[in-house]
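Open the model in your viewer and keep the selection panel at hand. We will go stop by stop.

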Amino acid sequence: MNHFSHISDSNTSKAIGRYNYNDVDFEFLTERINQFRSQIKRRLNGELTEDEFKPFRLMNGVYLQLNSYMLRVAIPYGTLSSKMLRGLAYIARYYDRGYGHFTTRQNIQFHWTKLEEVPDILTYLASVELHTIQTSGNCIRNITSDEFAGVAQDEILDPRIYAEIMRQWSTLHPEFSFLPRKFKIAISGSSNDRIAVCFYDIGILTCLNKQNKPVFEIWVGGGLGRIPIKGKIIRNDLPPEHLLAYLEAIIRVYNLHGSRNNLYKSRIKILIENLGIDNYREQVEKEFQAMDLDQYRLSNDIMTSIQENFGQPNLVDVPNASETLKKHRQENQAFNQWVNHNSYPHFHKDYIATIISLKNIGETPGDMTADQMDALADLAEEYSLGEIRVTHLQNLVLGHVRKDQLYVLWQALQKHHLAVPNQGLITDIVCCPGLDYCALANARSISIAKKIMSLFQDIHLQEKIGPLNIGVDGCINSCAHHHIMNIGVLGVNKKGEEFYQIKLGGFSYKNNATIGSILGAALTMEEVIEAIRKLINFYLEQRQKNEYFIDTFNRLGINPFKEIVYASA
Ligand code: HEM
Ligand code: SF4
């Protein structure tokens, strides 16, 4: 079957909020898949050993995990069209075990793929304008963005246009294909941090300068993993037209001086810690000043040509939309509860964005079944202009829902278990695959997350506790951000047994970004669940009016929390 044949038939209108492929893009992917198909063939017939094959598979997002090969698919700037989501459903249903796992860096992982089927999967993915390039290896990874891009009222510019430019610039950039280590970039079109800007190799926020012109505030050297480090501002007034030149300067200095012989010291965060941000900035500025800026300039023509390639949302004024929504909320308490937790304001007065929680009690956080993907693709077409976004906390967003249609959408979502009203609450847990799938894990993480979710499944209790986030990681690589969650759980290996360390007080966002502190000695799985129950009860007893968990923690400090967990042990 020619997987591309239906594209020209069905792709009559442009997908909104994202770049639409042209013939050159399809040709590039076809060529790339053919190369990988032949590399896989050589691996399968024994011409290549697993070690020899490794660099090829890593260039194509294929990991070797505990049970099988795993495929990581990039979702550029977290935006999916309904066609793409149906494509992912197809892969989940026919090539995996009926589900996929959304990550915190706007990727989706398929954990049970068969190597011999990977070329067909990639061909199918290409037909829906998706690929796996640069989702692993020491290169610039999938560029992530604000899940409320093009929706948020405080947005200064649409970050997805810049994210797309960075995607095109970084894909197979000859100078940056073999960096000392992986490199992650995120961008938001607002100065209010919704991307956890301090915890990327490069994080970009958008501000207005004194002349009311947009400028980029560039953060560098943040990251999690074994050594969590908060990024620092390297430049706060970069004119957007110089974005590529400045990024190139930053990465060039890293490429030159980053460590290549010690895996644990090879991220840019370590280089910047060692050199100091002022020294690093000086080197970057020198490099930048020496560049031919015209060659890199994002001229109006370039910006327009990329922008024109993005489908634009057709938003209409809807008479009485807000009143209709208000009436529905008054009439139905469960709906009102869901809107309270799972909605986000839209810049257009008659629209609203809604967060689809992938944190169903009893299910693996971040997992979505093929049937749910198909259903959500249909609903996105009917109610949200065919566009779906992936958040960095393993949920999804429908960005452009008419307020008068939210109630009908909610009823439809319920049928597919996609209307869990827990966004931002204690059961909205971020969780890595851990020892159930991951070859690097020390301990299981999914089981702990599920136990915590079931302990707090009563929605009234969750509401009483208020906003609180938990991240559960199976090892120190910190895929689920445990370092910067209010409560972080980390799997450790003690003489071959699974144990867990608790961190408290982490916070992800710019102004108050904090790396959590270790509470005490590692505990067994049962002890961790009991400890979390005690910590929450203690917080509920101690909190003052309007305090969230993190506020009470910051006011009291770690010691009383430590005592509550360890005193009676
Ligand atoms: C199961 C396969 C996975 C493997 C083998 C894997 C491997 C790793 C490794 C080795 C690191 C540490 C990199 C370093 O410190 O230099 C890392 C970091 C990370 N991974 Fe994963 N990961 C996997 C799945 C995931 C999933 C499912 C998520 C999201 C839920 C995720 C999100 C992240 C994030 C956010 C980081 C931190 C990046 C930073 O330090 O800036 N990964 N991963
Ligand atoms: S945190 Fe560790 S165990 Fe969990 S997915 Fe990442 S590498 Fe694997």
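Start by colouring the four domains: domain 1 (5-127), domain 2 (151-309), domain 3 (321-415) and domain 4 (430-566). These bounds come from an automatic or database domain assignment. This is a predicted model, in which local features need pLDDT of at least 70 and side-chain atom pairs count only at pLDDT 80 or more, while totals for chains, interfaces and linings use all residues. Residues are numbered from 1 along each chain as its sequence is written, and chains are lettered from A and ligands numbered from 1 in the order in which they are written.

**Stop 1: domain 1 against domain 3**

Select domains 1 and 3. Their centres, taken over C-alpha atoms, are 27 Å apart. Domain 1 brings 24 residues to the contact and domain 3 brings 21; contact means C-beta atoms, placed from the backbone, within 7 Å. Now pick strand E3 (79-81), helix H4 (82-95) and strand E4 (99-102), the elements that give two or more residues to domain 1's side. Helices (H or I, at least four residues) and strands (E, at least two) are DSSP runs, numbered from the N terminus. H4 gives the largest share of that side, 7 residues. By class, the side has 10 nonpolar, 11 polar and 3 charged residues. Ala, Val, Leu, Ile, Met, Phe, Trp, Tyr, Cys and Pro count as nonpolar, Asp, Glu, Lys and Arg as charged, and the others, Gly among them, as polar.

**Stop 2: the sheet**

Show the open sheet of 5 strands, ordered E6-E7-E8-E9-E10, with mixed pairing. Pairing takes at least two DSSP bridges between two strands. E6 (144-145) and E10 (232-238) stand at the edges with a single partner strand each, so one side of each has no neighbour in the sheet. Zoom to E7 (residues 185-187) and E8 (residues 202-208): they run parallel, joined by 3 bridges. Ile187 has Ile204 in E8 as its bridge partner. Axes are lines fitted to C-alpha atoms, for helices over the stretch in contact, and angles run from 0 to 180 degrees between N-to-C directions.

**Stop 3: two crossing helices**

Select H6 (residues 159-170) and H11 (residues 300-309). Their axes come within 10 Å and cross at roughly 105°. The two helices are therefore roughly perpendicular, a label for angles of 65 to 115 degrees. Show Ile161, Glu164 and Ile165 of H6, which meet Met303, Ile306 and Gln307 of H11.

**Stop 4: ligand 2**

Which residues are around ligand 2? Select Cys432, Pro433, Gly434, Cys438, Leu440, Ala441, Asp473, Gly474, Cys475, Asn477, Ser478 and Cys479. The cut-off is a C-beta atom, placed from the backbone, within 6 Å. This shell has 7 nonpolar, 4 polar and 1 charged residues.

Note on methods: Angles under 35 degrees count as roughly parallel, over 145 as roughly antiparallel, 65 to 115 as roughly perpendicular and the rest as oblique. Two residues are in contact if their C-beta atoms, placed from the backbone, lie within 7 Å.
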